Each structure stands twice: as structure tokens, then as C-alpha cells.
Amino acid sequence: MAEKKTFEMEYSKVDTERMRLNVGPQHPSTHGVLRLEVELDGEIVTEVVPHMGYLHRCFEKHCEAMTYPQCIPYIDRLDYISSMNNEWPYVMGVEKLMGIEVPERVEYIRVIMAELNRIANHQIAVATFGLDAGAFTPFLYYFRDREEILAILEKASGGRLLYNYFWVGGLAADVHPTFKQECLDVIKHIRATNAEVTNLLIYNKIFIDRTANVGILPADVAINFGCSGPVLRGSGFPLDLRRAEPYSIYDRFDFNVVVGKGEVGTLGDCWDRNIVRMGEMEESCKIIEQAIAQMPDTGDVQEKLPKKIRIPKSEILSRAESPKGDLGFYIVGNGTDKPERLRCRATSFINLSVLPEISKGYMIADLILILGSIDIVLGEVDR
Amino acid sequence: MANYIKNMWDGVYTVLVGMKITWKHMFMKKVTVQYPDEMYPIPKNARNRLQLYADQCNGCNSCARICPVNCISIETLRVTPNDPENPKVLEDPENDHWLPRKLWVTKYDIDMAKCCYCSLCTTVCPSAAIQHTTDFEYSSYFKEDLLYHFTAMTPETVVSKKQMLEEHQAKEKAAKAAAAAKAAEEQAKAAATASAN
Amino acid sequence: MQTEKIFDTLTKKFGNDVTPILEAAPSEPFILVKADKIYDVCLFLRDNSELDFDYMMCLTGVHQKPDLGVVYHLYSIKHKHKIVLKTFVSIDAPNVPTVERIWRSADWHEREAWDMYGINFEGHHNLIRILCPYDWEGFPLRKDYVTPEEYHGMRVPY
Amino acid sequence: MGLLNKLDDPFEGGGVLLGTVEDVLNWGRSKSDWYLHFGLACCAIEFMAMNASHFDFMRFGTIPRTSPRQADFIMITGTVTLKMAERIKILWEQMAEPKYCMSIGSCSNSGGPYWEHGYHVLKGVDRIIPVDVYVPGCPPRPEAMQEGMVKLQKMISEQAIFNKRKRMAEIDKQNEIK
Amino acid sequence: METNIFIQLLGNNWIAYTAIAVLPLGFLLLYALVAILAELKVSAWMQDRLGPMRTGPWGILQPLAEVVKLLQKEDITPDLANKVLYNLAPYMMFTGAYAAVAVIPFSQQFVPSNINLGLFYIFAVSAIATIGVVMGGWASNNKYSLLGAMRSVAQIISYEIPAAMAILATAVLASSLNLNEINTVQDGGIFNWFIFGGPGPWFKVFVLPFTFGLCLIYMIASLAETNRTPFDIPEGESELVAGYHTEYGGMKFAMFFLGEYVNMFIVSAIMATIFFGGWQSPFGSSIMSGPVWGLFWFLAKVGTVVFFQIWLRWTLPRLRVDQLMDLGWKYLLPMSFICFFAIALWKMLI
């Protein structure tokens with residue numbers, strides 16, 4: 001912090017012409033199609049104006065025309081990196097409104113799938129964050145491991161990226177017989193790669209210099225902006241829905257809520273947000289191990305449902321902890337088989353809103369890193 | 001000063017650590033699967049191109065109704081009871097069990113350019129007629145090639161079947177009309193007799 | 001704090017401007033607020049130390065014919081309780097005071113509600129479209145919205 | 001007409017030399033494809049997976065370029081919205097000839113899942129720029145994209161550089177016979 | 001004695017001079033092809049994949065295909081660009097890089113131009129490439145290009161100083177600025193190379209840390225001068241799209257690309273010449289030495305340094321602009337002064 005201030009003061013004496021630069025909508029590191037209008041004073045960012053909507057796919061309009069099971073493919077396509085986690089709050093909400101309890105085996109499979117997908121998501125997040133910093137090799141190491149996770153998910157659901165696997169009242173299909181062993185194998189590989197990347201990238205001096213003390217987000221600002229997930233936890237605030245309001249069967253597992261500690265810089269900087277994701281991968285591995293040990297071997301994976309899913313006139317905001325943070329679906333039923341209104345409380349959308357606040361006064365290269373550390377998915381931002 | 005030297009040491013040391021890792025990877029076994037020559041293993045339930053087994057389809061239209069994308073379009077025609085071909089539906093492919101067909105599927109088109117590969121249609125299909133295959137190699141130079149026509153009926157047979165149905169319907173109608181007329185006559189007769197009485 | 005207790009506190013403070021509606025489960029109970037009072041209610045909810053709603057989960061527009069509505073989902077991290085506020089305005093004059101100054105997260109949510117439903121948040125510092133292009137016409141999520149035929153020379157329907 | 005024919009076929013009858021030169025030129029263009037990756041949505045993630053070690057897109061001689069001036073073909077991966085469409089057109093116009101376009105995934109082929117109620121989705125990128133290869137899938141498997149690449153390379157390697165009009169006439173004739 | 005084999009063979013006439021000029025050009029083009037392939041392949045192997053595989057056996061014809069392709073690309077000049085400068089810039093860059101080859105001693109029998117101010121010449125001429133970068137960045141009328149060019153110039157200028165200090169220290173050791181002479185001094189096996197303090201008595205171990213340090217400093221500075229990771233800020237993909245050559249395509253871009261690879265060759269050649277004994281055999285002047293072996297050793301050393309650069313590139317993240325300046329001015333420059341001072345002192349004492 002001290003460094004930054006002196007830097008600004010020195011430069012503020014020189015009055016130079018401001019330059020407006022357009023970053024995006026198609027830019028190698030805007031993680032999709034975000035457009036940032038940046039005002040630059042030399043290399044220093046003085047103002048950031050995000051322009052969104054380049055991937056506005058009319059999700060909410062579509063859902064009003066779809067029946068409840070038909071909505072799920074569209075929900076997959078919101079946060080397309082962690083589809084399993086997207087489906088979960090939605091089906092949970094519909095199940096609550098219909099008053100269905102799902103079998104225990106389903107809950108376990110859901111937990112394992114969601115955690116596997118969380119790992120896959122964090123791998124992409126850390127990998128692309130490294131890519132933003134200019135390190136290409138860790139990116140490919142992570143994608144190599146992610147491929148193994150996707151193989152498991154594909155064997156179970158049939159899809160590599162968009163699964164349509166969590167259905168109202170259960171699952172689309174039962175898992176394959178070798179599922180448990182494959183999960184345990186892949187966890188080993190994930191841990192090995194994490195250790196490798198920690199040495200190769202995370203504790204690299206250049207990487208620390210680039211990310212520590214950059215994009216500092218204090219916890220109170222984060223809360224006022226409604227941030228959640230690793231962005232909030234990176235600021236040292238341990239809010240995790242899996243722990244704060246345990247849904248499904250998360251109260252049965254022993255895991256830590258990883259928070260940033262300001263190990264190499266100020267609390268709440270880019271490095272902290274990144275290390276939270278690294279830590280969460282390890283915690284997810286732990287949860288998967290416990291879930292596999294406890295999971296019943298046989299059982300139904302689909303609750304009996306009426307032929308047409310109808311929801312009475314009622315509404316709910318159903319939330320779950322997705323890898324990006326607190327993801328919610330506001331479902332309004334009107335007695336028919338189609339929702340009256342389906343609103344997604346998009347985590348990335350809310351986390352992104354903090355970007356103009358925390359990127360002022362840093363350099364343009366830092367802006368890219370701050371954006372990378374927030375880990376947005378434009379499908380969810382624009383819906 | 002101590003910080004200055006530590007910075008230098010950290011810089012050099014962590015770079016060397018990183019270089020060691022990449023050096024190790026240079027001689028590791030490569031994971032690449034060389035696609036056109038080798039194949040990455042695909043599970044059997046992978047969701048790729050849709051395939052209709054026309055023998056098994058009974059034209060119930062439930063796939064078109066469930067499809068969130070509406071990429072399936074079906075047209076059906078009632079089978080006339082006295083059809084000389086005596087068409088049948090394969091109900092159970094494993095045991096080769098056939099049932100009499102009630103509907104001709106005259107048109108079964110899937111637009112693969114729109115399909116979202118969600119597998120909802122394969123789950124609702126009562127006779128497992130529509131299924132995802134593991135075939136993904138069907139990119140094309142023209143978009144029209146992605147519109148798949150699955151029904152095995154030629155346009156001529158469709159026309160003839162339509163004619164047959166129309167004739168049958170006309171016959172039925174005539175029979176109905178005759179029956180109705182007869183009934184009316186009888187009624188009139190009965191009324192006449194009643195009034196006469 | 002229990003939801004009923006929060007509702008009691010609110011009715012004591014605001015009287016007839018708020019109407020608690022305690023519906024049976026599964027639907028969450030909510031409280032109807034008159035549109036012009038929403039800012040005061042929200043400020044009270046945030047600043048009262050017993051309520052302490054410091055986290056705005058969600059702000060969404062709805063179109064329940066014939067009226068437009070705004071739904072606020074609030075959460076208190078400290079006390080771990082939540083509340084749902086609702087307000088309805090007529091579609092001809094959809095004016096609601098902004099709560100942007102209470103929770104910064106409301107800024108983009110309100111812009112989205114304006115973009116999708118045309119709800120005018122009075123006092124918002126930058127109420128412009130956020131998802132649709134800046135020169136888009138109409139409010140897409142209203143139930144009576146008709147998809148345009150053309151946009152900048154590109155045909156819109158399939 | 002005589003003069004035009006002369007232009008088309010400067011060495012009467014084409015000959016072995018021209019054929020070889022054409023083959024070499026086509027070989028160069030088909031084996032070295034620098035692409036501008038236009039990552040838009042879900043397919044872009046599968047595209048990243050295709051670039052990764054298991055599938056290794058670089059085997060085909062493709063190198064990612066971030067500037068349209070240096071790219072040979074553009075890969076549209078994802079939903080093209082109306083807001084984005086104009087930018088794609090600008091990028092396409094900035095690319096240097098010879099240029100190609102690959103449309104990957106249902107969304108860019110025809111609007112995909114969003115074709116029906118998507119008031120803000122362009123129903124197929126071929127409404128604004130010419131597409132050479134359509135890769136179906138939502139999202140396509142990485143190998144499916146590579147198959148599209150093989151198709152594109154095949155198309156490039158059989159392109160006519162010399163005697164264009166003559167060959168097109170021949171193709172027309174063949175089509176008529178069919 | 002005349003050191004150039006062509007003048008010895010063909011006499012002092014125009015044929016010899018043409019051969020001397022053309023041969024390095026051909027060699028450099030060939031080198032660029034190999035370097036591009038090496039870059040693609042080594043990066044792929046470090047990332048557990050294979051790299052180009054489908055152009056010729058194991059993809060070895062890949063760079064050739066790229067050349068054929070680039071020759072066919074449309075030649076675009078953007079409308080708003082300054083046309084003269086825009087078109088001139090890539091050639092300027094290549095010329096600057098190519099001119100520096102003139103004094104590189106490929107072998108004891110082949111130095112294109114054996115001038116006595118070789119080291120100074122290289123420093124003077126390689127700055128021309130910088131002008132090409134600025135011209136290109138400014139003339140393309142693109143904000144990214146301009147930012148990239150500005151960064152590039154700032155970077156190259158500030159790293160020229162530690163690099164020059166490192167090189168001058170060896171000039172002090174060799175008491176000459178002639179590159180061929182510097183090579184000749186390092187005669188007598190691997191321990192007489194300047195990285196090990198040059199020829200001298202056993203107590204030269206005291207100077208070893210300083211020569212090692214100089215080698216490291218020059219290595220880092222040369223990375224910065226050639227815009228390689230971790231100093232590839234001018235073309236940092238994640239922020240500046242493609243940096244100063246964003247608006248260039250086709251053959252003009254190829255010239256930039258070639259210029260960069262030739263630059264890489266130059267700095268590696270200097271490094272091999274002044275720190276690793278150039279064409280000297282590592283086993284002393286009696287084993288495996290001679291004009292042809294000399295060329296082999298020189299190329300092997302250059303290749304190793306180039307490989308090292310590629311290796312670093314695919315390992316490290318990228319620095320930020322101010323950190324780059326920090327590193328240059330606050331770390332490399334003082335360190336190079338210290339090393340230079342120590343070596344000068346040692347030279348005086350001995």
C-alpha cells in the first residue's frame with residue numbers, strides 16, 4: 001500500500017493527456033466478451049467503465065417459455081465452467097417448492113459431482129490467472145488434469161461440459177460402477193499438480209511481485225458490494241454457504257473455510273484471492289474423499305415425480321455455494337408447468353461490479369490481473 | 001539492504017525451481033492423443049449426434065414436445081387398418097418383438113445445427129427409438145447438410161399413404177354418414193310410428 | 001431474529017406503509033412496502049443494530065400482471081437472518097426510489113431492472129441499459145414484449 | 001473472350017509446372033493456419049481444452065494470433081449476439097486475404113438453443129460473414145473441432161489458384177451431370 | 001593474418017565480398033526456421049504435448065509452410081496509418097538486426113568483417129532495431145501499438161546499460177574490443193573462458209563470482225533487449241494484444257518476426273563469444289579444434305543459449321513495466337558496476 005501511494009503522488013504532479021483505451025470486447029484476457037473502457041494516464045488506470053451484454057442470451061426470457069425440466073439445459077449454459085453447481089440451486093429450489101425429498105444416495109452423488117466440478121472450475125480460474133500474468137505452462141498442466149475430471153463427469157452424465165445431470169427429484173442417470181475408484185485416482189493427480197504449480201507459479205518471485213499488493217479489496221467494501229465466494233473470502237471474511245447455512249448434506253463433512261491471510265502482501269489482494277482457490281481445491285478433495293467413504297453403494301437415483309412438474313403459486317430464492325460464490329435462483333411459480341419468473345442471482349455479475357472500485361490507481365497490466373482474480377464467466381454476467 | 005539481497009536471492013531461486021519443473025516435464029511421457037490417427041476414449045453414453053431408429057419409432061411426438069430447442073419436427077399419418085403392408089413397430093429390439101404400427105412417421109427431421117445435446121428426448125422416448133451416438137465427426141461445408149431427415153419413406157409412398165388414408169377416411173365418413181342417415185331414418189320412422197300411434 | 005419479530009419491528013416503526021404477508025411454506029414470507037417508502041425502510045433495516053441487514057442478496061424486477069414489482073432479498077451476515085421486501089408500482093408510472101446509496105450492489109441490479117422491465121429508479125446516478133445495447137428499444141422481460149424484426153440491418157427472428 | 005481465356009490460362013493447357021506451384025502454395029496455406037480465436041461462450045472453454053495437452057491443436061500447424069491482421073482464419077466459438085455481430089464484421093474485414101471462417105457450435109451455426117426466443121441473439125454467424133466449415137455440437141468435443149480443422153485444411157489444399165474460371169466451369173458441368 | 005577464409009581462397013575481390021555478405025543472410029534465414037521450430041517443439045514438450053506433427057515427419061517442415069503461407073498473404077496498409085513509415089519499419093528492424101551479424105566471429109577463419117571496434121559496433125547498430133519498433137508502433141496509428149512501442153523503447157534503452165557494462169568488463173579482461181581477439185584470448189580449454197575468469201593463475205577463483213554475475217546480468221539484460229519472457233511487455237498478449245506489430249500482417253509481420261529471431265541470435269552469439277569462448281573448443285586448442293570444429297562449437301554454444309532463452313520463456317510469468325525498470329535500474333545496474341569494478345581491480349593487480 002505504501003508503495004502505491006508514493007507512486008501515485010509522484011505521477012499526479014505531471015499533468016499529461018489522458019488516453020481512453022478500449023479493452024475488449026474481444027481481447028485475449030477479458031475472459032470472454034467483456035468490454036472495459038479504460039481511461040489511462042500514461043500507464044496508470046484512472047477510470048474503468050465495464051460494458052456488458054455482449055453475451056446477453058436472453059436466458060430469463062427463455063425460461064418463461066420453458067417447462068421446469070427444460071430450463072435445466074439453459075441453466076447449464078449460464079456459468080458454463082461449473083454447470084453442475086449451477087443446476088444444483090435450481091433443482092433444490094424446485095424440489096423445495098414441490099416438497100420432495102431426494103434419496104440419500106442422490107445427495108452424495110450431487111456433492112461429489114459438484115465438488116469435482118468446483119475443482120475443475122478453480123483449475124481454470126488459477127490457470128487463466130497465470131495466463132494473464134504471462135505464464136502459459138501452468139495453464140496446460142491444469143488443463144491436463146481437468147481432462148481427467150471431465151472424463152469422470154462425462155462417463156456419468158454423457159456431456160463433457162454441459163451436463164444436464166441434476167434433475168428435479170434426482171439425477172439423469174446412475175454413476176458408473178468404477179466411479180469411486182476413478183474419483184480417488186483423480187484426486188491424487190490433482191494434488192500432485194497443485195504442488196507442482198505452487199512451486200512453478202504461486203511462489204514464483206515474479207508472480208508474487210505481480211499479484212501481491214494489487215487490487216486490494218477490504219472486507220467491508222466486499223460485503224457492501226455483495227461479493228461472495230473466493231472474492232469475499234480472499235479479503236479474510238469466512239462466509240461460505242456450505243458452512244453458514246448448510247444445504248443438502250454439507251453438515252456431515254469436515255472441511256475448512258479457506259480465507260486469505262495476506263501472506264505475501266496486503267490482505268485482500270489478487271494473490272490472496274488466488275490462494276483461496278488453491279486452498280479450496282484441497283478442501284474439495286477432502287470432501288470428495290469423505291463423501292466416497294460414506295456414500296451408500298446402491299439405491300434409487302430418481303424420486304417418483306408427477307408426469308408434469310407443476311409448481312403452485314409460490315416463490316423462493318434458492319441459493320447454493322457455486323465456485324464463483326453465492327449463486328441463487330429466484331423461482332416464481334404460477335400453478336402451471338412453466339415458471340412465471342426465473343431470475344438468476346449471478347455471482348459473477350455482482351463480483352464484477354466491484355472491479356471499477358478496486359482497479360483505480362493501478363497500471364493497465366494490473367487491471368488485467370485484477371479482472372482475472374475476480375474470476376468471472378461472461379455467460380453468467382450477461383445471462 | 002537485507003531485503004534487497006533477499007529479493008535477489010528469491011528471484012534467482014524461484015526461477016531455478018520453476019526451470020527444474022519444466023525441465024522434468026520435457027522428458028515426461030506426452031499425453032497427447034493424435035486425433036485423426038488415434039482416438040480419445042469416448043464413453044458409450046456420450047451425447048453426440050442423434051440417431052433415429054425408424055423401425056422403433058411409433059410417432060408419439062413426445063421427443064418433439066420435450067425438446068427445449070424445438071429442433072425436432074415430426075409429421076405423422078394414421079395407418080389405415082386394411083393397409084396391405086401391415087406395418088409394424090419394433091418394440092423390443094433385443095427379443096425382436098414387433099407390434100402393429102398405428103402411425104406412419106412421414107417426416108422426422110432433426111436440425112443438428114440447433115440441437116443442444118441435452119438428452120431429454122432420449123429419456124422420454126418410450127421405445128428408445130431416438131438415441132445419442134458416439135459419432136461426432138460430421139462437420140460440414142454447408143449448413144443444409146446438418147438438417148437430418150431420418151424417415152425411410154419416399155415422397156411417393158407418403159403420397160400414396162396419404163391417398164389411402166384419405167380414401168379410408170372418405171369411406172369411413174361415408175359409412176358414418178350412411179349410418180347416421182340410417183339412424184336418422186330409423187329415428188324418423190320411429191317418430192312417425194310414434195306420432196301415428 | 002425470527003421473521004415475525006422483524007415484521008413486528010417494521011410495523012411498529014412504519015405503521016401502514018408496510019404490510020407483512022406470512023404465507024405458508026414453501027413460499028417465503030415477505031413484506032409489502034409502499035413504493036415511495038422503500039428507501040426509508042431499507043435504511044432502517046440496514047442501520048438498526050438488531051436487524052443489521054448489511055448484505056443485499058438480490059434485487060429483481062417482476063412483471064405480475066398488471067403491475068411491475070421489485071423484490072429485495074436481504075441478508076444479515078452477523079445475525080444470519082433474511083427478509084424479503086416487495087413493492088409494486090403501476091406499469092404506467094413505474095417509479096421506485098433507488099437504494100443504491102444503501103448497498104452498492106444495488107447499482108447494477110437496478111440498472112438491470114431498468115433494462116429489462118423499465119422500472120425507473122429515482123435518484124440512481126447512472127440509470128442506463130446494462131445488458132442490451134444502448135440503443136435498444138422496449139423492455140424485453142415485460143410480458144407484452146414483441147421481438148423486433150430488425151436491429152441495425154440484421155434480421156432478428158429466425 | 002479470347003483475351004480473358006488467355007488471362008485465365010497463361011501457359012496454354014496449364015502444365016505440370018503450374019500444377020506443382022499450385023500444390024506447393026496450397027500446401028503452405030493449408031499446413032500453416034494462424035487463427036484468430038473469437039471465444040464467445042461455452043465452446044470457447046472446449047476450445048481451450050482442445051489447445052491443451054490432451055488434444056494439442058498445434059499439431060495441425062495452427063498458431064494462435066491475437067491480432068486479426070496476422071490471422072488466416074477466424075474461429076467463431078459461441079453465441080453471437082446482436083451487440084457483438086458488428087464487431088465480428090469489423091474483425092473479419094481487418095483480416096488479410098486469403099481468409100477463412102470456422103463456425104463452431106450450434107449457437108454460431110444457427111443460434112442454437114437460443115434461436116426461438118432469443119431477441120438479442122444473431123441466428124447464425126453466416127448472416128454476417130461467409131462461413132467455410134460448420135462444426136456442430138453444443139459444445140462440440142475437442143476432436144470434433146479438430147475434425148473441422150481437417151476439413152478446412154482439405155478444402156484449402158484443393159483450392160484453385162490458377163485457371164479458376166475453367167475449373168469452376170468443369171465443376172459446374174460435373175454437377176449438371178449428377 | 002587475414003582471418004576470412006573467403007578472402008584467402010578467392011582473393012580480395014568482389015566475389016569474395018558477395019559471398020561473405022550472402023552466406024550469413026542465408027544462414028540466418030535457415031537459423032530462423034530452425035529456431036521457430038525449436039520454439040514450437042520445446043514449448044510443446046515442456047507442456048506434455050507434441051507440437052506440430054502433421055507437416056512433414058514430426059512436423060519439421062512447419063516453418064517452411066509458414067514462409068510459403070506468409071508470402072501469399074495480402075499486403076495491407078491501414079488507411080489511417082502513416083504509409084511511408086508503416087511500410088519502412090519492418091525492414092528497418094530487420095536491417096538493424098542483420099547489420100550486427102557483420103562482426104560476429106563464426107569461426108576463427110570466418111569473421112565477415114573483422115573490425116577492431118566490434119563490440120562498440122554491435123551496440124551502435126543493434127539500436128537501429130529500436131527505431132524500427134518505434135516507427136512501426138507510431139505509424140500504425142493504434143493505441144496498443146503505440147503503448148507497446150513506448151514500452152519497448154524504454155525497456156531496450158534501460159537494459160542497454162547493464163548489458164554494456166557486462167560486455168565492457170570482458171573487454172577489460174581481454175584488453176581488446178575485437179570480438180575475434182576476445183575469442184583468441186580464451187584459448188586453452190573450458191576453464192579459460194571468461195565465465196571462469198579467463199586465463200589466469202589459480203587465485204582467479206576470487207574473481208569467479210563476479211564473472212558469473214556478469215554472465216547472469218548479461219543474460220537477463222539480453223532477454224529484455226530481445227523482448228522475451230519475462231520481459232515481453234511490449235507484446236504482452238494479455239494486455240496489449242500483440243504490441244507494436246498489432247497492425248502488421250503478411251510479409252511485413254514476417255520481417256518483424258525474423259528481426260526478433262535474428263536479434264535473439266545476435267545476443268546469444270555475443271554471449272557465446274565473450275563468455276563461453278566462441279569458437280574455442282572446450283578441451284583446449286589441440287583437441288577438436290580448427291576452422292570447421294570452431295564453427296561447430298560456436299553454433300553449439302549459440303544453440304544452447306537460445307534453448308535457455310526458450311526454456312525461460314515457457315517457465316516464467318511476465319513482469320510489469322515499473323518492476324522491469326526497477327530490476328534494470330535498481331538491481332542490474334548497481335550489480336554490474338560492482339562486478340565491473342571488481343574485475344577492473346583484479347586486472348590492475350594481476
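This tour moves through a predicted model, chain by chain, and says what to select at each stop.

**Chains D and A**

Begin by selecting chain D together with chain A. Here 28 residues of chain D are in contact with 27 residues of chain A. To see where the chain D side comes from, colour three of its elements: β1 (33-39), α3 (42-51) and α4 (82-94) of chain D each give two or more residues to the side that touches chain A. Then highlight α3(D), which supplies the largest share of that side, five residues. Colouring by class shows 15 nonpolar, nine polar and four charged residues on the side of chain D that touches chain A.

**Chains D and C**

Twelve residues of chain D are in contact with nine residues of chain C. On the side of chain D that touches chain C, the classes are six nonpolar, two polar and four charged residues.

**Chain C and two other chains**

Next, select chain C with chain B. These two chains do not touch, and their nearest C-alpha atoms are 11 Å apart.

**A helix in chain E**

Finally, select residues 62-72 of chain E, which form helix α3. Which residues of this helix are buried? They are Gln62(E), Pro63(E), Ala65(E), Glu66(E), Lys69(E) and Leu70(E). Turn the view to look down the axis of α3(E): the buried residues fall within an arc of 155 degrees, and they therefore line one face of the helix. As a general rule, an α-helix has 3.6 residues a turn, so residues three or four places apart point the same way.

Definitions and conventions:
Residues are numbered from 1 along each chain as its sequence is written. Chains are lettered from A and ligands numbered from 1 in the order in which they are written. This is a predicted model: local features need pLDDT of at least 70, side-chain atom pairs count only at pLDDT 80 or more; totals for chains, interfaces and linings use all residues. Two residues are in contact if their C-beta atoms, placed from the backbone, lie within 7 Å. Ala, Val, Leu, Ile, Met, Phe, Trp, Tyr, Cys and Pro count as nonpolar, Asp, Glu, Lys and Arg as charged, and the others, Gly among them, as polar. A residue is buried if 20 or more other C-beta atoms lie within 10 Å of its own, exposed if 12 or fewer, and partly exposed in between; C-beta atoms are placed from the backbone. Helices (H or I, at least four residues) and strands (E, at least two) are DSSP runs, numbered from the N terminus. The arc is that of the directions from the helix axis to the C-beta atoms.
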